[in-house]
Amino acid sequence: MPQTLLITGPGGAGRTTVAAATALAAVRGGRRVSLLSAEDPLRGAPAPEGLHLARIDSGEEFRTELAALQDRGAAFIGMLGGRPLGAEEITELPGAEQFSLLRALRRAASAPGADLVVVDMPPLHQALTTLALPAQLRRYLARLLPAERQAARALRPVLAQLAGVPQPAQWLYEAAARWDEELAAVQAVVEAPTTAVRLVAEPGPAADAALRTGVLGLALHELRVQDLVANRLVPRDSADPWVAGIAAAQRSFLDGWEPVVPVVAAAHLGRDPWGPDDLAPLASADGMAPAPGAGDGTGWSVEDRLAEDGILVWAVPLPRARKGELDLVRRGDELLLAVGPYRRIVPLPSALRRCTVSGAALDDGVLRVRFTPDPRLWPRAR
């Protein structure tokens, strides 16, 4: 699997431009790059050797997928008295962009010939919900159409007679299996150690608020942030007091970002970038070319404090989190954790399933959930 870099940030920060500059910087370093975007960041100019530009057409993909779904379920639709939609009737529905992007990401990550896949993602909140979608949908499928359905297949005619209603057709289960397989492939790309997020933001109060919440959401879903491109920075040594004031304000926000994530500085060009000539100076910025290799492996971890304190501690990094925006619920073998507008349900590690939650504390950007072994479930020492 090639290295994958997901480019996102607050709206209007220049994500597409930075995605193109990132790809060009990597190509200059001798890497083969695939750039995924719904736009044309090169503005019609030919891509340089080593760069493959893949356009994401959500409308066309939606029509193709819906037509294929109709074909597979034609018998069931006919049984219900329905009529299939014609190709000219199918129009793209809200949410189709997310699935198109995820399918394009899966295809790019599995295609041969690329060392790096750069993805021009939507704004930060939408990007985060998109990246969390495969795991969430797989969980829904597992609950609504559990694996035990295969064992109960022979009982469906009997159940239909007892209940007086027809049971779901076999094609539904087969479709669910295909969806799960495709979602699992996308989830593997998103969660791979070679996948990371590059944030893009123009320093300012709105970007600072959006980044704080977005970085929390990324941490909640264990998505690694590689760095942050501080875009459109004005010169700090300008003799113009107006420009110097803007530079000072930008610097104040950079001082708060740098302890949280490595910052790549991208200078303001004095105009809106347009085409390869304007991308060239951005691609030359220090740190714009992503370093090859896997991630640092940091994430959630279980700390063994049984000998000292008789507990296990689940450490969850949540940078710049505030106590009032956290919510934590244990439900069976799962943990529901909410941070601001984001929530995630995760299965407990096997050791923690035999414990009870005895407390939690937020300290220095890390939520530590304490678990005490349940004597009824914990193996006793000989």
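**Exercise 1.** What share of the contacts in the protein with a separation of 6 or more comes from residues 24 or more positions apart?

*Solution.* Taking contact to mean heavy atoms within 4.5 Å, residues 24 or more positions apart account for 68% of the contacts with a separation of 6 or more. The structure is a predicted model, in which local features need pLDDT of at least 70 and side-chain atom pairs count only at pLDDT 80 or more, while totals for chains, interfaces and linings use all residues. Residues are numbered from 1 along each chain as its sequence is written, and side-chain values use heavy atoms, with hydrogens and water left out.

**Exercise 2.** State the strand order of the open sheet of seven strands, and find its edges.

*Solution.* The order is β3-β2-β4-β1-β5-β6-β7, with parallel pairing, where two strands pair if DSSP finds at least two bridges between them. β3 (51-55) and β7 (263-267) each have a single partner strand, so one side of each is left without a neighbour in the sheet.

**Exercise 3.** Determine how helix α4 packs against helix α5.

*Solution.* The axes of α4 (residues 96-110) and α5 (residues 124-144) are 10 Å apart, at an angle of about 75°. α4 is therefore roughly perpendicular to α5, a term for angles of 65 to 115 degrees. From α4, Gln98, Phe99 and Leu102 make the contact, and the residues of α5 include Leu133, Pro134 and Leu137.

Technical notes. Axes fitted to C-alpha atoms, helices over the stretch in contact; angles between N-to-C directions. Helix = DSSP H or I, 4+ residues; strand = E, 2+ residues; numbered from the N terminus. Parallel < 35°, antiparallel > 145°, perpendicular 65-115°, else oblique.
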